[in-house]
Amino acid sequence: MAAPVKSVSGKLSAERSLFSTTSFQKKTRSKLVSIPGTRPSVQNGQLIVSTGVTSLDYLIGGGLAVGTLLLIEEDRYGSYSRMILKYFLAEGVVCQHELFVASAQDNPDDILQELPSPILDDIAIHKPVERQILSCGPQDSQDAMKIAWRYQNLPKVQTALASSSRFGHYYDVSKTMEPDIRQAANCHRFYLPEHPTQSSPTCSPTLESYSALLQSLQEVIHREGFDGAAPVRSKSRNILRIGLHSLGSALWGDDLCCRDNPGHSHALTSFLYGLRALLRSSLSVAVVTVPSHLIQNRALMGSITRLCDNAIALESFKGSERETNPLYKDYHGLLHVRQVPHLNCLASELPDHKDLAFKLKRKQFTIERLHLPPDLSDTVSRVSRGELAGAMGGSACGSGTSGNKHLDF
C-alpha cells in the first residue's frame with residue numbers, strides 16, 4: 001500500500017508547482033516622468049515645479065503643479081508682479097525648461113534680458129545661521145535675555161516661510177543673468193504688435209489678440225511634443241513654462257479696464273477656458289498677470305479668479321499712507337492668497353495664508369509673515385511715554401491716584 005501513497009504525493013507536488021508559476025504579478029505604483037527641475041508633490045503625488053520664489057512655493061503647497069495656472073493680480077505700478085514673473089522664467093532657464101513669453105507692452109526679449117542672476121553657491125547661504133544655532137550651549141542660554149515668565153513658554157514668531165526640503169534655486173535681483181546662460185534656453189516669443197489683428201465685433205466672445213495668442217500656444221505645444229500626441233524623436237521630455245504679462249489691459253484690445261460694462265466681458269474668461277484645456281493635456285505650466293485694480297466689475301474679476309488654479313494678489317505700499325506707517329516700515333506690500341488648488345483631494349493641507357507681507361531686499365524678494373515690531377516708532381521719547389502712561393493710569397484709577405505711581409497686584 002506504500003506505492004499509491006508515493007504516487008499521490010507526487011501528484012500533489014506537481015499540482016503545487018503548476019500553481020506556483022502564475023501569470024499574476026504584484027501591483028506596483030507607476031513611475032512618474034523623470035524631468036529635470038520637477039518632483040512629485042508630497043500631498044497629492046502631482047508633478048510640481050518651482051516658481052523661483054521659495055517662500056511662494058511654500059504657500060501654494062510646495063510648488064506649481066504641472067498643468068495648472070497661477071494668476072497674479074498686479075500691484076498698482078506692476079513692478080513686483082513683473083518681478084515674480086521674471087523669477088518664474090529664470091527658474092525655467094536654470095532647469096533647462098522651454099519658455100513661452102507673451103506681452104503686449106514690452107518686447108519679450110526685453111523681459112528676458114532682465115532675468116535675475118542665479119546664485120550658484122546658494123547652498124552656503126544658510127550655513128552661518130545653522131552654525132549659530134549649533135554653537136549655542138548651556139553657558140550661552142544662561143546669558144540670554146530673561147523675559148517675563150508668562151511669555152517664556154510661548155512659541156517664537158516665525159516670519160520666514162520655508163519648507164524642510166529645499167526645492168528650486170536662489171537668485172540675485174541686483175544682477176542680471178549672463179547672456180550665455182539665457183541664450184542656451186529655448187524660448188518662444190509672442191509680441192502682440194508683431195501680430196497684426198483685425199478689430200472684432202462686439203458680439204464676438206473672444207478677441208482677435210487672444211485668439212492669435214491661443215493659436216500660437218497650441219502650435220508650440222503640438223510642434224514641440226508637449227501634448228504627448230506625437231512621439232518625440234531624439235529628445236527627452238521637458239516642461240514648457242508659459243508667462244503671459246498683463247492680460248486684460250487695453251493694450252491687448254480689451255476694455256475690461258476702461259468701462260464698468262465692457263463690451264468684451266467674456267473675452268478673457270473664454271481665453272482662460274481654452275488655456276486651461278491646453279494646460280491639462282500637456283506638460284506645461286503658466287503664470288498670468290492681470291491688472292485687477294483697474295477692473296471695475298468685481299463680479300467679473302471673481303469669475304477670472306475662479307478659472308485659475310492658484311491666485312494671489314499683490315498690494316504695494318507705494319503712493320499710499322501705509323508707506324510712511326511705522327507698522328509697515330520693514331515691508332513693501334501685502335500679499336493676499338485668493339485661491340489655492342485642490343488637486344486629487346477634497347481639502348488641501350496648506351499653511352496659514354493670513355497676515356502675509358513681501359519685501360524687496362537688496363538681492364532677494366521674500367514673502368514673510370506680518371508681525372508687530374517691538375516698538376512702533378523709534379522717535380517716541382521716554383517723557384512722552386511716561387505722560388501717556390500717567391494719563392492712562394489717572395483715567396483708569398480715578399483722580400485720587402497719581403499717574404507716576406505703579407499699582408501692586
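These are my notebook entries on one predicted model.

**Ground rules**

I number residues from 1 along each chain as its sequence is written, and I use heavy atoms for side-chain values, leaving out hydrogens and water. Because the model is predicted, local features need pLDDT of at least 70 and side-chain atom pairs count only at pLDDT 80 or more, while totals for chains, interfaces and linings use all residues.

**Entry 1: the whole chain**

I began with the secondary structure. The chain has 11 helices and 14 strands. Helices (H or I, at least four residues) and strands (E, at least two) are DSSP runs, numbered from the N terminus. Next I checked burial. Of the 409 residues, 39% are buried. Buried means under 20% relative accessible area, exposed over 50%, and partly exposed in between (1.4 Å probe, protein chains only). Then I checked contacts, meaning heavy atoms within 4.5 Å. Among contacts between residues at least 6 apart in sequence, 74% join residues at least 24 apart.

**Entry 2: the nine-stranded sheet**

I traced an open sheet of nine strands, in the order β8-β5-β9-β10-β4-β11-β12-β13-β14. The pairing is mixed. Two strands pair if DSSP finds at least two bridges between them. Which strands stand at the edges? They are β8 (187-191) and β14 (365-369). Each has a single partner strand, so one side of each has no neighbour in the sheet. Neighbouring strands are turned by 20 degrees against each other on average, direction ignored.

The bridge partner of L360 is F365 in β14.

I then looked at the helices on the sheet. Helix α9 packs on the sheet and touches β4, β9 (240-244) and β10. The direction of α9 makes about 160 degrees with that of β10. Helix α10 also packs on the sheet, touching β4, β10, β11 and β12. Its direction makes about 145 degrees with that of β4. For these angles, axes are lines fitted to C-alpha atoms, for helices over the stretch in contact, and angles run from 0 to 180 degrees between N-to-C directions.

**Entry 3: strand β5**

How many residues of β5 (residues 98-103) are buried? Six of the six are, so the strand is largely enclosed by the rest of the structure. E98, F100 and A102 point one way, and L99, V101 and S103 point the other way. I noted the general rule: in a regular strand the side chains alternate between the two faces of the sheet.

I checked both partners of β5. Five bridges join β5 to β9, and the two run parallel. F100 stands opposite I242 in β9. β5 and β8 also pair in the parallel sense, over five bridges. There, L99 has C187 in β8 as its bridge partner.

**Entry 4: helix α10**

I listed the buried residues of α10 (residues 298-306): L300, M301, G302, I304 and T305. They pack against β4 (69-73), α9 (267-280), β10 (284-290), β11 (310-316) and β12 (333-339). N297 caps the N-terminal end of α10. A side-chain oxygen of N297 lies 3.2 Å from the backbone nitrogen of A299.

**Entry 5: R280**

I found R280 in helix α9. R280 is partly exposed, with a relative accessible area of 42%. Leaving out residues up to four places away in sequence, R280 touches G67, T68 and D309. The R280 side chain reaches the backbone oxygen of G67 at 2.5 Å. A polar contact of 2.7 Å joins the side chains of R280 and D309. A polar contact is a pair of N or O atoms within 3.5 Å; within protein, one must be able to donate a hydrogen and the other to accept it, and residues adjacent in sequence count only if both atoms are side-chain atoms.

**Entry 6: aromatic rings**

I counted nine aromatic pairs. Rings of Phe, Tyr and Trp (its six-membered ring) pair if their centres lie within 6.5 Å; planes under 30 degrees apart count as stacked, over 60 as edge-to-face and the rest as tilted. Y87 and F365 have ring centres 6.5 Å apart and planes at 45 degrees, so the pair is tilted. Y87 is in helix α3 (residues 79-94) and F365 in strand β14, 278 residues apart. Both are buried. Ring pairs link Y80, Y87, Y171, F358 and F365 into a cluster.
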